[in-house]
Structures are given as structure tokens and as C-alpha cells.
Amino acid sequence: MIRMELRQLIYFIEVAKREHVTHAADELHVAQSAISRQISLLEAELGVSLFWREGRNVRLTPIGKVFLEHAEKVVLEIDKAKQRMHEFLDPDNGTVRLGFSTGLSVQTFSSLLAQFREKHPGLEYQFVQGTPSYLIRLIENGELELALASPVPDDHPAVSGEILYMEKLMLLFRRDHPLSGQKMIRLAQLKNERFITFREGFSIREILFAACRKSGFEPAIAFEGEDMETIKGLVASGTGVAILPEPALLFNLSEEIVKAEISDMELMRPVGVMIPKKREMAASEKALYTFLTSFYDRLNRFQR
């Protein structure tokens, strides 16, 4: 059974970095003999030589280089665990990692985050963007605790999803398009159009295809991507037409683009939050989750 101690790993890493026992001892503020003894014990336990001794200098052996890679990971994970322990106890300190699914319009979230920052000024933030499936994998692996996404899962074994609000989807045309003067358009009128949309796996694409098929045609796709601003730009260039969430049209919309509503069906997409089912969140992330759900609950009641 391996019985190595954390201090042995710390001593080993410092010596490996400096290639000198005395310099490592000075940096760690311990006796040189203590470092030499602990590394000797570590080598004896592993049954290998981690260093070649060259006078007062040392160099990692090939197996020492392999062990260094793993030792650094171990120490890093322990440091992260200690940090998380502190975060679990104090919601006003630590780092909140928050995920956003690509293609999400987050204009309302900027207001929410500003309010939350005022209440918790000591927190730091790391933001992660990706597809909903990518964010789900991060939550499954313990690399992420909280993510805004569309859609959110309703039957995933490890990830819980809660819908926060619904976004209305609008049609976008270039200003000189033959249908651009109409405020209400039946989807069947677009059967000969080419659509600019998100690639497979994004909720808006799935909603578009389902709606078009319900109207009796298969949409022709001119472009598939994952960036909302690119889609707006291609509509403005006349490459095709698109459907996008209404909140996303409040910002950075070219004068060359006009919008219209779909008259024969209401296209809505759910936006929600994802959290782990079987793992408790840190106090800071739990505070953000509570604030997030409360904020959108108030917003939804106000808009009714």
C-alpha cells in the first residue's frame, strides 16, 4: 500500500523545479536535510530513483519526469479541494463557474449578474460557453455546477434542468426582401426560402425544422453555425432568412434587417438552468442559483 505524504510530493516538486536541494529548502523554509530525507523515503517507497545527483545539483530521471506530471496533478487537486471547502462554507468568497450554451441570448442575464455582484462583491467569476451537451458533460464530470442553456434536460440521470423563461422566435429578412413589408407571415410562405440557422444540436434549429415540417415543407439551409451575430450578419447580406429569439434583436441589429411574426403558429424556445442532481453545490454557486431562479420568477410574474 502506498503511504506517501503530501509534504513529500511538495518537496519533490520544488526540487524538480529548481534542480537544487538547497535552493528548494530555502524556498520552502525547511532544512535541506529534511528535504533530502523525505525524497529518499519517497524513492524507497516507489522503488525507483527520481533524481540523478550531480554534486549539489539534481536532474530528474525519465521515471522522475513521469512521476512529476502526476505529483503536480495530485497537489493541484488537493489545493482545489481546499478552496472548494472554503467556498462551501462562505458564499461571499471563492469563484463561481457559470456555463452558457452557445446561441443563447443573455441580455436579461447581464442585469441579473450586476445585481448579484452588488450583493456578493467578493466573488470571482469564470464563464464557460459551449453546446448544451458539452455543458452537461462538464456538470457530469464535476467541472461545472451551474449553466444556462436551451433546451434543458428533463430526464437526465445526473443533471437537473429547470425552465426559467420562454423566448419568442421572430423571422428576420433583409430589408429589400419581397416579404419584408409584412408584419405577420405564415410559415408556409417561406417554403422556397433558404434559411440561416444553427447547426445540429441547437434548439432553434430543431424548432425551425419541426415548424417547417408541420407547414408541409423541408427547410433549405444556406448556412449552419453557432454564433448569433454571424446569423444576423448573413441575413443582412441577403444570404437567407432566419428565426432568432426576440431579446436578441434588441441589440446589434443592422438597419438592413427587418423582423416579422409568424402568424399561423407561435414559436417559443425554453431557456433554463442546469445543475447536478446528486452533488451539492458550493455555497457561492447555490446563492447564485437561488438568486437566478428568484429573479426570473419575479420577471415572469411581472410580464403576465
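**What radius of gyration does the protein have, and what would a compact globule of 304 residues have?** The protein has 28 Å, whereas a compact globule of that length would sit near 19 Å; the radius is taken over C-alpha atoms, and the globule rule is 2.2 Å times the number of residues to the power 0.38. This is a predicted model, where local features need pLDDT of at least 70, side-chain atom pairs count only at pLDDT 80 or more, and totals for chains, interfaces and linings use all residues. Residues are numbered from 1 along each chain as its sequence is written, and side-chain values use heavy atoms, with hydrogens and water left out.

View 1. Along the principal axes, the C-alpha atoms fill a box of roughly 85 × 40 × 35 Å. Inside it are nine helices and twelve strands, taken as DSSP runs (helices: H or I, at least four residues; strands: E, at least two) numbered from the N terminus. Buried residues account for 44% of the 304, with buried meaning under 20% relative accessible area, exposed over 50% and partly exposed in between (1.4 Å probe, protein chains only).

View 2. A cavity here is a set of points on a 1 Å grid over the protein atoms alone where a 1.4 Å probe fits but cannot get out, and lining residues have an atom within 4 Å of a point. Among the lining residues are Ser101, Thr102, Phe198, Phe202 and Arg269. By class, the lining has four nonpolar, five polar and one charged residues (Ala, Val, Leu, Ile, Met, Phe, Trp, Tyr, Cys and Pro are nonpolar; Asp, Glu, Lys and Arg charged; the others, Gly among them, polar).

**View 3. The second largest cavity.** This one also holds about 40 Å³. Ten residues line it, and the closest to its centre are Phe109, Leu148, Tyr165, Val271 and Tyr296. The tally is eight nonpolar, two polar and no charged.

**View 4. Around Thr22.** Thr22 lies in helix α2 (residues 21-28) and counts as partly exposed because its relative accessibility is 25%. Its side chain meets that of Gln32 in a 2.8 Å polar contact (N or O atoms within 3.5 Å; within protein, one able to donate a hydrogen and the other to accept it, with sequence neighbours counted only if both atoms are side-chain atoms). Ser33 is eleven residues away from Thr22 in sequence and 9.1 Å away in space, C-alpha to C-alpha.

How values were computed
1 Å grid on protein atoms, 1.4 Å probe; cavity = no way out; pocket = protein on both sides within 12 Å on 5 of 7 lines; lining within 4 Å. Points joined across faces, edges and corners; volume = space filled by probe spheres on them.
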